[in-house]
Amino acid sequence: MSPVDSRADARWTVELAGRRCLVTGGLGFIGSNLTSRLTRAGAHVVVVDSLVPSHGGRRENLLSDGEVEVIVADIGDRDAVADSAREAEIIFNLAGQVSHVDSMVDPVFDLEVNTRSHLAFLETLRAVESRARVVYTSTRQVFGHPQYLPVDEEHPVMPVDVNGVSQHATEHLHRLYGEFYDLESCVLRLTNVYGPRQRLTGDSQGFIPIFVRQALQDEEIVVYADGRQLRDCLYVDDVVDILLFAGISPDAPAQLFNVGTDEVHTVRAIADLIVSTAGSGRVASIPWPAHREMIAVGSYYTDWSKAKRTLGWMPKVGLREGIRRMIEYYRTFPTAIA
């Protein structure tokens, strides 16, 4: 199942053809889009995914992407992943649980998959004497309530949910293994990512997929309070780009990068754009539910100038175009909504 936009970037073919890459969480939203790009560039890709039903991993996400070896396992399972970890030249470590709401419902599970499994995976890399570049994806949620905007890498870290705590801990584990065991790693803190292959079912993995599903099903899109919270939203192709930059750049190791965009909108404006693009659905406002208000961070948008300065990365896809592509994708592949 290929995204609507299947352009190949000639640069990545030069950089990645023949390279051995391991993508953890590779059957999920970002991971499958990355894997698709890697295979088009001629890389040899192994995917590890535990296929936890609520996490969005789907074998269908890679059905049309050539020869990709898929290992269904937790990344903490050394017997399952050791050989691939030993052979990999670049490891894109995307595995994990991304729902902030779910992390408060089952915090022990969140800590298990977002920290313990990653620590076991890092131990595997140490045991096999991996020389791979490791790119770990974290979340802007680690910052909690912004003290100033836009949020740069120097902003204080004060998570408001267990997911932010567990991912921040795993950031430090990657840094620690880099310092003590010469593991070449870097961290990307991603803002709100959206696009094709994103899980639309459920109401706990980001507001854009919820809004898109509701619009496509001609339902009411619910915006909390007045919807004036500001957000920067990043199309998945731009996220894949920075993953690749981080995977090959000599300046990436031991660095942490905020990843976002200068295009900032209110949540209400994003909902209105989705409805107008889909030509269906409608927007309504309700008070904050208590379980969501307790982990809400208010307005957030990113200072991503370090990524531009160090890696040469810039986002290319604006929100209007990105939403158009996303809606077109789910209209072309309606079974992907499930």
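With which residue does arginine 189 form a salt bridge, and how far apart are the closest N and O atoms?

Author: The partner of arginine 189 is glutamate 171, and the closest N and O atoms of this salt bridge are 2.6 Å apart. The pair links distant parts of the chain: arginine 189 belongs to strand β6 (residues 184-190), glutamate 171 to helix α6 (residues 162-181), and 18 residues separate them. A salt bridge here is a side-chain nitrogen of Lys or Arg within 4 Å of a carboxyl oxygen of Asp or Glu. Helices (H or I, at least four residues) and strands (E, at least two) are DSSP runs, numbered from the N terminus.

The model is predicted: local features need pLDDT of at least 70, side-chain atom pairs count only at pLDDT 80 or more, and totals for chains, interfaces and linings use all residues. Residues are numbered from 1 along each chain as its sequence is written, and side-chain values use heavy atoms, with hydrogens and water left out.

Both partners are covered. Arginine 189 is buried at a relative accessible area of 5%, and glutamate 171 is buried at 4%. Buried means under 20% relative accessible area, exposed over 50%, and partly exposed in between (1.4 Å probe, protein chains only).

Phenylalanine 180 lies in α6 and counts as exposed, with 60% relative accessibility. Together with Leu176 and Tyr181, Phe180 makes a nonpolar surface patch of about 310 Å². Patches are made of residues with over 30% relative accessible area and no salt bridge; like charges are joined within 9 Å, nonpolar side chains (Val, Leu, Ile, Met, Phe, Trp, Tyr) within 5 Å. Accessible areas come from the Shrake-Rupley method with a 1.4 Å probe, and for residues only the protein chains shown count as cover.

Now the sheet. β6 is one of 7 strands in an open sheet with parallel pairing, in the order β3-β2-β1-β4-β5-β6-β10. The edges are β3 (69-72) and β10 (256-259); each has a single partner strand, so one side of each is left without a neighbour in the sheet. On average, and ignoring direction, neighbouring strands of this sheet are turned by 20° against each other. Two strands pair if DSSP finds at least two bridges between them. β5 and β6 run parallel and are joined by 7 bridges. Arginine 189 in β6 has serine 138 standing opposite. On the next step, strand β4 (residues 90-93) pairs with strand β5 (residues 133-139) in the parallel sense over 4 bridges, with isoleucine 91 opposite valine 134 in β5.

Two helices pack on these strands. Helix α5 (residues 107-127) lies across β1 (20-24), β4 and β5, at about 170° to β4. Helix α8 packs on the sheet too, touching β4, β5, β6 and β10, and its direction makes about 145° with that of β5. Contact means heavy atoms within 4.5 Å. Axes are lines fitted to C-alpha atoms, for helices over the stretch in contact, and angles run from 0 to 180 degrees between N-to-C directions.

Aspartate 241 forms a salt bridge with arginine 37, the closest N and O atoms being 2.8 Å apart. This pair also links distant parts of the chain: aspartate 241 is in α8 (residues 236-248) and arginine 37 in helix α2 (residues 29-40), 204 residues apart. Aspartate 241 has a relative accessible area of 7% and is buried; arginine 37, at 9%, counts as buried.

Another pair provides a contrast. Aspartate 272 and arginine 268 meet in a salt bridge at 3.3 Å, N to O. They are 4 residues apart in helix α9 (residues 267-278) and therefore separated by about one helical turn. Aspartate 272 is partly exposed at 35%, and arginine 268 is partly exposed at 29%. Elsewhere, salt bridges that share partners join Asp237, Glu321, Arg324, Arg325 and Glu328 into one network. The whole structure has 16 salt bridges.
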